[in-house]
Amino acid sequence: MFAKAEVSVKKILRSAALNIWEDNWDNRETGRSTHDIVPRVSNKPVGWNREEIMFVTGHGPFPSYIHRFNLRTHDNCSCGEKGDPMHYATKCRFTLSWHFQTPTVALKLQWLKSILTNNL
């Protein structure tokens, strides 16, 4: 009898925790670039590698991220433009050999999703 009650309580608590997490995920101002790609919370890993996580979240060795912590006086790349992941992936003259074609604003979300599902 206690085993059934324990399973039921665990199920209720798990569901409540996921609902709170989902509400926070949908209504916060931070993490919007990731929210666009992963709109629903889940306990299942997305399967991204470290570089993909840094690209999507913008957390990593990017001037735009480091500047947030006042560890740089500006958020510009060495080339003079804003040093965020999209800049390095599409525009920066220092990363020219790795560039992707810049997506249009309307297709940016689909572009990001296709990059993250491309095994090459």
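Which residues does Trp 111 touch, not counting residues up to four places away in sequence? They are Phe 55, Met 86, Thr 90, Phe 100, Gln 101 and Pro 103. Contact here is heavy atoms within 4.5 Å.

Ground rules. This is a predicted model, where local features need pLDDT of at least 70 and side-chain atom pairs pLDDT 80 or more, while totals for chains, interfaces and linings use all residues. Numbering starts from 1 along each chain as its sequence is written, and side-chain values use heavy atoms, with hydrogens and water left out.

Now the core. Trp 111 belongs to the largest nonpolar core, 10 residues in all. A nonpolar core joins buried Ala, Val, Leu, Ile, Met, Phe, Trp, Tyr and Cys residues through side-chain atoms within 4.5 Å; buried is under 20% relative accessible area, with a 1.4 Å probe and protein chains only. Phe 55 and Met 86 are in this core too. Helix 6 gives the largest share, four residues. Helices are DSSP runs of H or I, at least four residues, numbered from the N terminus.

Next, pockets. A pocket is an open set of points on a 1 Å grid where a 1.4 Å probe fits, with protein on both sides within 12 Å along at least five of seven lines; lining residues have an atom within 4 Å of a point.

Of its 16 lining residues, Glu 51, Phe 55, Ala 89, Phe 100 and Ile 115 lie closest to its centre. Helix 3 supplies the largest share of that lining, four residues.

Technical notes: Helix = DSSP H or I, 4+ residues; strand = E, 2+ residues; numbered from the N terminus. Buried < 20%, exposed > 50% of the residue type's maximum accessible area, 1.4 Å probe, protein only.
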